[in-house]
Amino acid sequence: MAAVASRMPGERGPEVGEFWTCLTTGLRVHRSVVPPLMVNAVTAVVFLLIGGLLALLIALTRWEAVQLLPPSWYYVVLTLHSWSMLIFWIIFMEVAILYFASAIVLNFRLVTPGAAWLAYVLMLGGSLLAAATVLFQDATYDQPLLTSYAPLNIHPLFLVGAIIFAVGAFLALGVFFATVWRASQEGAYQGSLPLVTFGAAIAAIIAVETLLGGAIAYIFQLLYAIGILKTIDAEMYRVVWWLLGHGSQQINLAAMVTSWYLLAHLTTGAQPASEKVSRTAFVLYVLFINLGAAHHHLSDPGVTSAWRIWNAGYAIYGAAMGSLIHAFAIPAAVELALRRQGHGGWLGWLRHAPWGNPAFAALAVSLPLFGVMGGITGITFGTEQLNMMVHNTLAIPGHFHGTVVAGTSIAFMGVAYAVIRLIGLRELISAKLATFQTYLFGTGMAVFVVTMMWLGYFFGIPRRHPDVSATPLATSPLLEALMGISGVVAVIGGSLFVLLAVGTLLFGRHRERGPVFMPTISGGSQAGLHSEPHDLRGTLTLCLIFLAVFLAIYATHWINLSSLWRIG
Amino acid sequence: MPLTPPQPRNWWDLPLGGHEKIWLSIVVLLGLSMFVMMPVWHVFGAQNSPTETYRVSPDYYWEKATKFAAAEGGLSRKVEAGIQPTGDDVYLGALKFGWFPNVLVLEAGRRYRIHVSSKDVNHGFSIHKAGEPSQKANFQVVPGYEHVLPMTFTEAGTYDIVCQEYCGLGHQFMLGRILVERGR
Ligand code: HEM
Ligand SMILES: [Cu+2]
Ligand SMILES: [Cu+2]
C-alpha cells in the first residue's frame with residue numbers, strides 16, 4: 001500500500017506476464033479473472049433491471065387505487081420479480097464478488113476458468129428455464145412465488161431450472177475454493193487470508209450448507225411433481241426449504257458486510273480497528289446459521305416452543321451479535337481513518353467523509369438502512385411471540401426489502417461502481433449522477449419499507465395478495481399511495497444504476513490503471529494502528545443512538561402484543 | 001488493510017480499545033436479554049404462540065371438521081347465522097378457497113380451542129378484529145397438521161378471518177368470520 005501511494009495517480013501499472021497491476025490497491029490482476037467476473041456482474045445487472053421493471057408492476061398493483069395487474073398476472077410477476085432479484089441479481093453478483101475476493105485480492109489467477117464458464121452457463125440456463133416455465137406454464141399449475149410451498153402444483157421444469165441453477169452456483173463455489181486453496185499452496189499470500197477474502201470465504205462456506213438444504217427440498221419436490229412421490233410432508237418441506245431460504249440470506253449478509261469493508265477501504269482508506277473482532281463476528285455467522293432459519297416457523301404447527309426459542313434466538317442471538325459487531329467495526333474503521341487524516345471532533349470527522357463519492361454513498365446509505373430498517377425488524381419479528389402479529393403480513397416484505405434491497409443491493413451497487421473503474425478500467429459517465437442515484441434509491445426504498453411495515457403491522461395487510469379490497473380488511477389509502485410512489489421512485493433510482501453501469505461499460509472513457517476513488521492515505525500496519533489509542537467516540541455515539549431506537553421499537557412490539565386478546 | 005493479510009502476524013493478540021469493549025459488552029447483554037425475554041413471556045405474558053399439534057391425514061381432519069359442523073347444526077343452518085358450538089373445541093377446515101365452517105359465533109371471555117388444518121395446500125389463518133386494524137394474529141395452516149389455537153376473546157365484536165398464505169388463484173376470496181358475543 002505504501003509503495004502504491006508513492007506513485008502518481010494515473011500512472012500505468014507494470015504488466016508482468018499475464019498480470020497487470022492496479023495502482024489503487026497495488027493488487028495484481030490476472031487476465032483469466034476479468035472476463036468471467038465482468039460477465040457475471042453484467043448478467044446480474046441485467047436481472048436487476050428486469051426485476052426492477054417487474055417491481056414497478058407489483059408496487060402499482062399493491063397500491064390499490066391503481067391496482068394495475070389482475071391476480072393471475074400478479075402472481076406471475078411476483079414470482080419473476082423475486083427470482084430475478086433475490087436469486088439471479090444477487091447470486092450472479094456474488095459469484096463476481098467471489099472471483100474478485102479470491103483471484104484478484106490474492107494476486108492470483110482463477111485456477112479453473114473453464115469451470116467458471118461452465119458454472120455461468122448452468123446458472124444462466126437454469127434461470128432462463130425456470131423463468132420461461134413460470135411465464136408460459138398453463139393455468140392448471142400454481143405459481144411457485146419464491147418458496148413453492150409443497151403441495152402446491154409446481155411445474156417440474158421450474159424445479160429442474162432451479163436445480164440446474166443451484167448446480168452452477170455450487171460449481172462457482174468450487175472455483176472460489178480451488179483458487180483460494182491453490183493460492184495458499186503456491187504462496188500467493190503470507191499469513192492469514194485478507195479480511196475481504198475471509199468474509200467471502202465465510203459466505204461461501206454458508207453457501208455450501210445452504211445449497212445442500214436447497215437440493216434436498218427441490219429434489220423431493222421434483223419427485224413429488226412428477227408423481228414418483230405420492231405425498232410430501234408440507235411442514236417438513238417448509239423447514240427444509242428455509243434452510244435454503246434463510247441460509248441464502250446469511251450468504252447475502254456475509255457478502256454485504258464484506259462489501260462494506262471493501263467500500264470503506266477503497267473510499268476512505270479504512271482498515272478494521274481490530275481484525276480479531278471483525279473476523280470473530282464473521283465466524284458467528286457460520287456458527288449460528290443453522291439456527292436462524294427457525295424464525296420462519298414461529299407461527300407454524302408442529303414445532304415446540306423450546307425449539308422455536310432456541311433456534312430463532314440463535315441460541316443467544318449469535319448471528320445478530322455478529323451483525324451488531326460489524327455495525328460498530330465498519331464505522332469505527334472509517335472514523336479511525338478520517339481521524340488519522342486529521343479530521344477530529346466528536347462527530348466532526350463525519351463531515352469530512354467523501355459523501356460525494358458513489359462508492360462511499362453506497363456504504364453510507366446501505367449500512368444504516370440495513371441496520372435500522374432490516375436489522376431491528378428482523379430481530380423483533382423473529383421473536384417467538386412477536387411473530388404472530390406480523391407473520392405473512394406486508395411487514396415481512398417490508399423487513400426483507402430493508403435487508404436485501406436497502407442493504408445488500410445498495411452495497412453491491414457501490415461494489416459495481418468500484419469494480420467498473422478498478423477492473424473494467426472505465427471512467428463512470430457521471431460520478432455525480434451515480435452518487436445521486438444511490439441517495440435516490442436509498443430514500444425511495446426507505447419510505448417504501450416503512451410504509452409496507454406500517455400497512456403490515458398496524459393494518460394487518462397480507463403479503464402476496466392481489467386485491468385487499470376483496471376482503472373486509474381496513475387499509476390506508478394514504479399509506480398505500482406513499483408505498484406506490486416511493487416504490488416507483490426506487491425503481492427509477494435502480495434503473496439509473498443500470499443505465500450508469502451499462503452505459504459506462506459501453507461508452508465510458510478508458511481510464512488508466514490509477515486510483516479508484518482517491519484513497520488519500522497510505523497503509524500503515526495494524527501495529528501502527530494499535531500504538532495509538534482508539535478514539536471511537538463518534539462511532540460509539542452513533543451505535544448508542546441506534547441501540548436506543550432499537551430498544552424503543554422492541555419494547556413497542558411487546559406492548560402492542562400485550563393489548564391482544566388472550567392467545568395460548 | 002482488508003485487501004492484504006493482517007499485519008502484524010500476531011494480530012490475534014492485539015488488545016481491544018476501550019470503546020470497542022463497551023460496545024461488545026452491550027451486544028452480549030442485549031443478545032442474552034432478548035433470548036431470556038421469550039421464556040419470561042411464556043410465564044408472565046397472555047399471548048403465546050400455540051404449539052399443540054397433531055399429525056392427521058388431511059381427509060381425516062376434513063371429516064372431523066364436517067362432523068363438528070353437522071353436530072352443531074351447522075349444515076342445516078343459514079351460513080350467515082353461523083355455528084354456535086356447545087363445547088370448547090372448535091374445528092375449522094381450510095380448503096381452496098374457503099373456511100369451513102365460515103362463520104362461528106363464540107362467547108366472549110370463554111377459552112376456546114380452535115383447531116385449524118388444511119385439506120389441500122398451505123393456507124394462513126389470519127384473524128382481525130373489525131374496526132381495530134392492529135388487533136390481529138396470524139398462523140400458518142399446513143395440510144397434515146392439526147394445530148390447536150387456544151383463544152379467549154376478551155371483547156365482543158366481529159373478527160374477520162382472511163387467508164394469509166398464497167394458495168392459488170382465488171386466495172383473496174378465502175374469507176371467514178367469528179362473531180364474539182357477550183357471555184350468555
Ligand atoms: C426496486 C425496488 C423494488 C420494489 C419497488 C419492490 C417491490 C416489491 C413488492 C411490492 C413486493 C410484493 C409484496 C407482496 O405482495 O407480497 C415484492 C416482493 C419481493 N421482492 Fe421486491 N421490490 C424491489 C426490489 C427488490 C430487490 C432488489 C429484491 C432482492 C434483492 C427484492 C426481492 C423481493 C422478494 C424476494 C419478494 C417476495 C416474493 C414472495 O413473496 O415470494 N425486491 N417486492
Ligand atoms: Cu430467515
Ligand atoms: Cu388460502
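**Exercise 1. Place Asn560(A) in the fold and find its contacts.**

Solution. 
Step 1: Asn560(A) sits in helix H17 (residues 537-562) of chain A. Helices (H or I, at least four residues) and strands (E, at least two) are DSSP runs, numbered from the N terminus.
Step 2: This is a predicted model, where local features need pLDDT of at least 70, side-chain atom pairs count only at pLDDT 80 or more, and totals for chains, interfaces and linings use all residues. Residues are numbered from 1 along each chain as its sequence is written, chains are lettered from A and ligands numbered from 1 in the order in which they are written, and side-chain values use heavy atoms, with hydrogens and water left out.
Step 3: Asn560(A) has a relative accessible area of 21%, so the residue is partly exposed. Buried means under 20% relative accessible area, exposed over 50%, and partly exposed in between (1.4 Å probe, protein chains only).
Step 4: Leave aside neighbours within four places in sequence; Asn560(A) then contacts Met389(A), Tyr457(A) and Phe458(A). Contact means heavy atoms within 4.5 Å.
Step 5: Asn560(A) and Phe458(A) are 102 residues apart in sequence, yet their C-alpha atoms are 9.8 Å apart.
Step 6: The side chains of Asn560(A) and Tyr457(A) make a polar contact at 3.2 Å. A polar contact is a pair of N or O atoms within 3.5 Å; within protein, one must be able to donate a hydrogen and the other to accept it, and residues adjacent in sequence count only if both atoms are side-chain atoms.

**Exercise 2. Describe the shell around ligand 1.**

Solution. 
Step 1: There are 24 residues around ligand 1, and Arg62(A), Tyr74(A), His81(A), His401(A) and Arg464(A) come nearest. A residue counts as near if one of its heavy atoms lies within 4 Å of the molecule or strand.
Step 2: Sort the shell by type: 16 nonpolar, five polar and three charged. Here Ala, Val, Leu, Ile, Met, Phe, Trp, Tyr, Cys and Pro count as nonpolar, Asp, Glu, Lys and Arg as charged, and the others, Gly among them, as polar.
Step 3: Sort by element. Helices H2 (34-62), H3, H13 (395-422), H14 (431-459) and H15 (477-507) of chain A each supply at least two residues. H3(A) gives the most, with seven.
Step 4: List polar atom pairs. An N or O atom in the side chain of Tyr74(A) is 2.3 Å from an oxygen atom of ligand 1. A nitrogen atom of ligand 1 lies 2.8 Å from a polar side-chain atom of His81(A). Leu146(A) brings a backbone N or O atom to 3.0 Å from an oxygen atom of the ligand.

**Exercise 3. Is His81(A) buried or exposed, and what does the residue touch?**

Solution. 
Step 1: His81(A) belongs to helix H3 of chain A.
Step 2: Its relative accessibility is 12%, so His81(A) counts as buried.
Step 3: Not counting residues up to four places away in sequence, His81(A) touches Gly51(A), Leu54(A), Ala55(A), Ile58(A) and His401(A).

**Exercise 4. Characterise Ser409(A).**

Solution. 
Step 1: Ser409(A) is in helix H13 of chain A.
Step 2: Ser409(A) is buried, because its relative accessible area is 5%.
Step 3: The Ser409(A) side chain reaches the backbone oxygen of Val404(A) at 2.7 Å.
Step 4: Beyond four places in sequence, Ser409(A) touches Trp89(A), Ile90(A) and Val404(A).

**Exercise 5. Which backbone features stand out at Gln7(B)–Pro8(B), Lys96(B)–Phe97(B), Asn107(A) and Leu145(A)?**

Solution. 
Step 1: Most residues other than glycine have a negative phi, and most peptide bonds are trans.
Step 2: The bond joining Gln7(B) and Pro8(B) is cis, with omega about -10 degrees. Pro8(B) lies in the segment before helix H1 (18-44) of chain B.
Step 3: The bond from Lys96(B) to Phe97(B) is also cis, with omega near -10 degrees. Phe97(B) is in the loop between strands S2 (89-95) and S3 (98-100) of chain B.
Step 4: Asn107(A) has a positive phi of about 55 degrees and is partly exposed at 22% relative accessibility.
Step 5: Leu145(A) has a positive phi of about 50 degrees and is buried at 1% relative accessible area.
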